[in-house]
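Please look over the sequence and the model shown here before reading on. The report that comes after is meant for someone meeting this structure for the first time.

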Amino acid sequence: MMENRKHDSSPIVKIENLHLHYYTRRGIYKALNGVNLEIRRGEVLGVAGESGCGKSTLGRAIMGIIPRNAAIVEGKILVDGVDYLKPLREYFKKAKKFKPTKNQDLLKKVNEEMSKIRGQKISMVFQEPMTTLNPLLTVGYQISEVLFYHNPGLLASRRLARARATKEDTKNIVKILKEEGEGERLRQYLKNRNIMGLEDQIISIWRRKELHDLKKEQMILELCCEPISSMARGYLEQIEKTNSLPKFSKLPIVGRIVKRELLKEAFKKSAEFLGLLGIPDPDKVVYMYPHELSGGQRQRIVITTAMINNPNLVILDEPTSALDVTIQAQILELVKELKEKINSTYMFISHDLSVLSEVSDRIAIMYAGQVVEVGPKSAIFNSPKHPYTQMLMEAIPTIEAHELKGIKGEVPDMRNPPKGCMFYPRCPYAMPICKEKRPPLFKVGEDHYVACYLYGGEKK
Amino acid sequence: MLLFIPTLIGLTVIVFTLLHIGGTTKLLAMYLSPRLTGAARAHVIAELDAKFHLNQPVYVQYFYWLIQILEGNWGITNTPLYSGPVTQAIAIFFPNTLILTIFAAIIIWLVSIPLGVHTAVNRDKPSDNAIRVASLTFYAMPWYLIGVVLIIIFAVYFRILPIAGTVNPSLVVGLSWYHNGISYPTHILLIDALLHGDFKVAWNAFLHLIMPSVTLSLGVMAALIRLMRGTMLETMDQDFVNFARAKGVPEKVVINLHAKNNALLPVVTNFGYLVAGLLGGVVVIEDVFSYPGIGMWLTSAMLNNDMGGIMGGTLLFGLILVTTSLFLDILYAKIDPRIRY
């Protein structure tokens with residue numbers, strides 16, 4: 001799987017000329033006006049811009065989580081080559097008058113279609129950890145949901161492995177671990193004994209640093225001989241094989257038992273993952289409610305939920321903006337650590353350029369629903385080309401005394417944006433052509449593109 | 001939670017004040033035979049003065065009265081429906097009202113919560129609009145009008161439901177557990193019939209319950225549907241609902257588990273008070289359907305200037321409201337983990 005990802009050079013997400021408008025009572029807000037962007041496999045793409053420039057809308061549009069009054073006017077988002085929002089776009093083209101109720105029906109279908117990849121292939125971390133978690137459910141359950149709906153096979157195999165393993169097995173495993181650590185021989189042994197489900201359980205115990213070796217050994221020795229009722233066993237084996245949930249409504253009582261087993265297992269897996277993230281007392285935390293945790297803890301839970309299935313793409317929508325500075329640093333550390341551990345792609349949305357400089361490989365600057373400049377981090381920071389980017393850089397506060405320059409003027413009214421370049425009214429270098437035509441992206445350097453006529457020679 | 005003790009004290013003070021606005025003469029009139037004259041009359045008055053402590057200051061009288069109430073002496077009632085101790089009247093009439101209210105509450109809950117969710121999920125669609133218009137119509141209609149319309153349709157025109165009362169009198173003739181319109185041991189005909197295994201009577205009693213309880217529930221249902229729709233729409237915009245979608249949880253689970261349960265919190269509170277408030281509606285409905293419950297007794301007490309009945313009924317309604325709110329607080333703490341007492 002991992003090898004595949006590296007060789008596949010097609011971008012994981014490709015956004016082509018995306019126009020998204022919100023239909024409200026006070027008019028049509030043109031939130032996205034021709035976004036062109038790609039997210040490449042394995043990279044961290046930072047997206048920056050003022051508030052209201054469409055960063056979050058873009059992130060949500062990739063996930064397909066848009067309100068019913070959002071119309072896809074033009075353009076597409078290809079997630080792994082699939083255009084999920086196609087029905088919405090076709091509806092807008094056909095309809096004489098945009099009706100949110102009709103859009104909602106189609107959105108329901110899009111939701112259904114996308115729920116298969118959400119949480120599994122792509123996932124998202126929201127801005128506000130205080131409101132992202134359901135206050136009535138334990139955090140463990142909220143993490144478990146992702147596993148339960150997308151990875152029931154893993155849960156079933158973990159559970160079955162504990163039932164299949166004998167005392168002899170666990171003793172042998174401890175011996176192997178002591179001799180060679182968690183290497184190929186361990187895998188081979190587990191494979192031969194048909195207890196592969198034990199692997200991540202063993203490793204998560206073995207890697208814990210705060211425990212004494214004897215305690216760890218004891219814990220591993222306990223991973224065996226856990227009986228399951230014979231009724232549930234058959235269904236669990238079926239789930240293990242197909243990695244999909246049976247229709248629980250058709251098997252009322254057995255269904256409940258199976259469901260409970262799977263959820264219990266998911267709680268265990270969640271606690272293991274939280275332990276890996278360095279959250280103290282993970283076994284207790286999973287049974288807590290969100291209000292019992294601090295903001296930073298909750299954001300860790302949200303990130304765990306987004307990451308637990310090893311998704312190919314994680315969209316982080318201002319994950320640190322609502323937190324205070326020390327927690328912000330910890331969360332950034334966590335994201336960096338996860339980037340090392342889990343090989344996936346990240347889209348990091350933030351209005352804070354200093355945060356982006358910490359984590360990202362490439363940066364896209366957005367202004368008024370358009371990507372105005374995109375390039376490698378070093379190019380954006382060392383030689384910003386677009387006048388807006390340049391002014392943005394000057395507006396970053398630093399410790400050394402230097403005059404902070406704000407950007408004069410305001411973001412244009414998105415109900416009635418300028419016909420030409422969006423930045424034209426505020427731009428000190430404005431030219432006549434800027435008023436008439438919207439600039440396309442021009443190549444200005446290695447992998448570095450700018451939407452500005454100042455550099456209008458070589459077209460992308 | 002402990003607020004209910006001061007509430008009860010406030011309630012009794014108000015009831016007691018009402019009793020005194022009526023004046024002591026009224027109280028005396030209830031115990032004094034008009035045929036008594038002269039010394040005998042003066043003697044009885046002196047006796048009653050001593051009994052009710054009428055020569056003491058009012059606040060002292062309040063405590064004497066309170067002790068009487070706590071001891072179970074709620075005074076006497078004298079109406080065409082029933083004459084005797086107030087507590088006895090309550091024991092006879094209240095069970096009927098209770099089962100009516102419970103039926104109505106069940107109907108309200110089972111209908112309005114799913115409809116509220118449906119309207120919120122299918123916002124602005126024809127079904128949403130139809131339900132909203134219908135519920136608003138019922139909300140605007142007075143209770144007795146709905147009752148009369150239902151009687152005309154189902155009892156007079158279609159003749160499938162009985163017009164009035166609790167049971168067809170011919171069915172209960174000669175039953176060992178039924179005397180003078182009162183069934184034993186619970187005084188609730190439906191339950192007593194089931195206890196005695198008389199399913200014919202039970203079915204008949206059930207048919208008699210349908211129309212009053214539906215009438216009672218329609219108006220309240222409308223309010224609850226709108227409330228549920230509103231809170232549901234609000235919750236569906238919340239981050240955690242979107243996050244559940246971002247997790248790839250099926251839409252059905254998103255709505256029924258994540259959105260609905262959170263939207264229910266404010267609805268539960270209001271539901272409790274609405275059901276407690278149904279008792280007010282009961283007064284009208286029982287009159288329309290000649291249903292021998294607390295409302296009918298209270299109406300006749302009011303028409304007959306029966307102080308004992310009015311006071312007893314007021315105190316009872318107050319007690320019900322206070323107990324409901326206590327019960328709701330406990331329930332609320334049960335469903336919302338954020339609330340701890």
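Predicted model: local features only at pLDDT ≥ 70, side-chain atom pairs only at ≥ 80, totals over all residues.

## Chain A as a whole

The secondary structure of chain A consists of 20 helices and twelve strands. Its radius of gyration is 25 Å, which is close to the 23 Å that the globule rule gives for 460 residues, and chain A is therefore as compact as a globular protein of that length. Taken along the principal axes, the box that the C-alpha atoms of chain A fill is roughly 80 × 55 × 45 Å.

Of the 460 residues in chain A, 53% are buried. When contacts in chain A between residues at least 6 apart in sequence are considered, 66% of them join residues that are at least 24 apart.

## The contact between chain A and chain B

The size of an interface is often given as the accessible area lost when the parts come together. For chain A and chain B this buried area is about 2,600 Å², and carbon and sulfur atoms give 59% of it. Chain A brings 33 residues to the contact, while chain B brings 26 residues.

Four salt bridges are found across the interface of chain A and chain B. One of the salt bridges joins K247(B) to E145(A), with the closest N and O atoms 3.0 Å apart.

## The side of chain A that touches chain B

Several elements of chain A each supply at least two residues of the side that touches chain B, namely α2 (55-63), α4 (100-114), β6 (122-125), α5 (129-132), α6 (139-150) and α15 (295-307). The largest share of this side, six residues, comes from α6(A). Sorted by class, the side of chain A that touches chain B has 14 nonpolar, twelve polar and seven charged residues.

## A closer look at S344(A)

S344(A) lies in the loop between α16 (325-341) and β8 (345-349) of chain A. Is this residue, S344(A), buried or exposed? Its relative accessibility is 4%, and because residues under 20% are classed as buried, S344(A) counts as buried.

The side chain of S344(A) reaches the backbone oxygen of P311(A) at 3.5 Å. S344(A) and R159(A), by contrast, are 27 Å apart in space, C-alpha to C-alpha, and 185 residues apart in sequence.

Methods
Residues numbered from 1 in each chain as written. Chains lettered and ligands numbered in written order. Heavy atoms only, no water. Contact = heavy atoms within 4.5 Å. Buried area = accessible area lost by both parts, 1.4 Å probe. Salt bridge = Lys/Arg side-chain N within 4 Å of Asp/Glu carboxyl O. Helix = DSSP H or I, 4+ residues; strand = E, 2+ residues; numbered from the N terminus. Nonpolar A, V, L, I, M, F, W, Y, C, P; charged D, E, K, R; others polar. Buried < 20%, exposed > 50% of the residue type's maximum accessible area, 1.4 Å probe, protein only. Polar contact = N/O pair within 3.5 Å; in protein donor to acceptor, adjacent residues only side chain to side chain. Rg over C-alpha atoms; globule rule 2.2 N^0.38 Å.
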